[in-house]
Amino acid sequence: MGKNEEKNLSRGLKSRHVQLIAIGGTIGTGLFLGAGQSIHLAGPSILLAYAITGVMCFWLMRALGELLLSDLNSTSFVNFVAKYLGKRVGFVTGWTYWVCWVTIAMAEITAAGLYMHFWFPKLPQWIPGFIILLVLLAMNLITVELFGETEFWFSIIKITAILALIVTGVILVLLHFKTSVGHASLSNLVAYGGFFPKGIKGFVLSFQMVVFAFVGVEMVGMTAAETQDPQRVIPEAINDIPMRIGLFYVGALFFLMAIFPWRYVSPSSSPFVQVFQNIGISGAAAIINFVVLTAAASACNSALFTTGRMLFSLSYNRKSKLAKKLGKLSRTQVPANAILMSAAVIALAVILNIFIPGKVFTFISSVATTCFLFIWGAIILAHLKYRKLISQQAKEASPFKMPLYPFSDYIVLAFLGFVGVVLLLKVDTLIALIGSVLWFVGLNLVYLVQKRSKTNSNI
């Protein structure tokens, strides 16, 4: 993208916005609703899986941070992927990332309709999601500050729920509180089959769900061009990732299993609800339902922001009439046309909810989350190429160096490869992996066709 256009983007995101956006990107329905299934699969060893994945995500974000701070005129990491890995890889990465966030938003507004059934059982499923989408669209179109403020408060709600569980856990363990299945105690973490009750196999298989719980952590990298004082704010947000992961994921699940032994946690319902109900909070289900509803809205909000910026970036400097419209900024310095186009595609979920069976929609979402392995890998490879190409003087002057380079980069790539192998071990994830490969093949063919037609038109 051209520098002049990028400078027109409003730097309206404050430090607290970026910090909470980073936190919100790693806390979602995967933790509030999906933790029960993860615990059922691996038992207490799930804590180690989250810790390992957290370290990998920290290194991923450090690599991304070094790239972003090397050129603050770039609005997304795709610019760096295209620069260091080639235009074709940049094209595939950009459109994959856009589609990933579109499908995530589709899944979340679908989930929002289901969550509302808790209070309004007869309400048509498509109405709540459509209303949430319209409200968030309006906010994203006004100013980037309003997006940041909305995400700030969504994240506060999620963080409050997790901190409430942790504080409750500390108190109950100290009191040796009697529950319906025993007493709250740290011994519950090893009393039912040890730390690895499902063996190494259960531990390994858990990485599929754990990694997907971290999808979106890289979104903070999309905020660099619209952040006040990015050279200070971006490193702070990235460096806080280990603390956030340790406290919000590992801490919450640690005390959850200390209160309620893992073998009694239901894989089909929220373990948060089970814990709060066991300590006598009758409205536990309603509280958690409200939290996951805001988590769904938060994910949709992030999707509108991310898809709008990505479509703007992909369309800039293109010659078609549509691309020229999508590559323009509004008077409030936001890519309004790109946001509107993304929202229109996301709104298709309303129709999909009526005509397409749930299993097909789940498959599409699984393919999208599987594609994040490719996106994260592209970021690491771009960082490796960047470090090889810059001068020694530039390396020494870098304000935000990747720790343990190049070993950390190679370890992350090996980890992503390991997760790819894990996906081969289950039928549903294997099908999604095959779907992802077909998607990449299709995008490469589209790129080659476009390149050939462009070459012919210039002859």
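Helix 8 and helix 9 are oblique to each other, a class for angles that are not under 35 degrees (roughly parallel), over 145 (roughly antiparallel) or 65 to 115 (roughly perpendicular). The axes of helix 8 (residues 126-142) and helix 9 (residues 144-175) cross at roughly 135° and come within 7 Å. Helix 8 contributes Leu-136, Met-139, Asn-140 and Ile-142 to the contact, and helix 9 contributes Leu-146, Phe-147, Thr-150 and Phe-154, where contact means heavy atoms within 4.5 Å. By class, six of these residues are nonpolar, two are polar and none is charged.

The model is predicted: local features need pLDDT of at least 70 and side-chain atom pairs count only at pLDDT 80 or more, whereas totals for chains, interfaces and linings use all residues. Residues are numbered from 1 along each chain as its sequence is written, and side-chain values use heavy atoms, with hydrogens and water left out.

**Helix packing**

Two packed helices are described by the angle between their axes and the distance between the axes. Here axes are lines fitted to C-alpha atoms, for helices over the stretch in contact, and angles run from 0 to 180 degrees between N-to-C directions.

| Helix pair | Axes come within | Crossing angle |
|---|---|---|
| Helix 8 and helix 9 | 7 Å | roughly 135° |
| Helix 5 and helix 6 | 10 Å | roughly 85° |

Helix 5 (residues 46-70) and helix 6 (residues 77-85) form the second pair in the table. Leu-64, Leu-67, Leu-68 and Ser-70 of helix 5 meet Phe-77, Phe-80 and Tyr-84 of helix 6. This contact has six nonpolar residues, one polar residue and no charged residues.

**The chain as a whole**

The chain has 22 helices and two strands; helices (H or I, at least four residues) and strands (E, at least two) are DSSP runs, numbered from the N terminus. Of its 459 residues, 55% count as buried, that is, under 20% relative accessible area with a 1.4 Å probe and protein chains only. The accessible surface comes to about 19200 Å², and 67% of it belongs to carbon and sulfur atoms. Among contacts with a separation of 6 or more, 83% are between residues 24 or more positions apart.

**Core and individual residues**

The largest nonpolar core holds 142 residues, of which Phe-77, Tyr-97, Leu-253, Met-257, Phe-372 and Trp-376 touch the most other members. Such a core is a set of buried Ala, Val, Leu, Ile, Met, Phe, Trp, Tyr and Cys residues joined through side-chain atoms within 4.5 Å. With neighbours within four places in sequence left aside, Trp-376 is in contact with Cys-57, Leu-60, Val-211, Phe-214, Val-215, Val-217, Glu-218 and Leu-416.

Gln-208 belongs to helix 11 (residues 207-213) and counts as buried at 11% relative accessibility. Beyond four places in sequence, Gln-208 is in contact with Val-422, Leu-423, Lys-426 and Thr-429.

Helix 15 (residues 284-315) contains Phe-305, which is buried with a relative accessible area of 0%. Phe-305 and Leu-141 are 9.5 Å apart in space, C-alpha to C-alpha, and 164 residues apart in sequence. Ile-288 also has its place in helix 15 and counts as buried at 2% relative accessibility. Not counting residues up to four places away in sequence, Ile-288 touches Ser-270, Phe-272, Val-273 and Phe-276. Between Ile-288 and Pro-271, the C-alpha to C-alpha distance is 9.9 Å, with 17 residues of separation in sequence.

Key
Nonpolar A, V, L, I, M, F, W, Y, C, P; charged D, E, K, R; others polar. Buried < 20%, exposed > 50% of the residue type's maximum accessible area, 1.4 Å probe, protein only. Areas by Shrake-Rupley, 256 points an atom, 1.4 Å probe, with all protein chains shown as cover.
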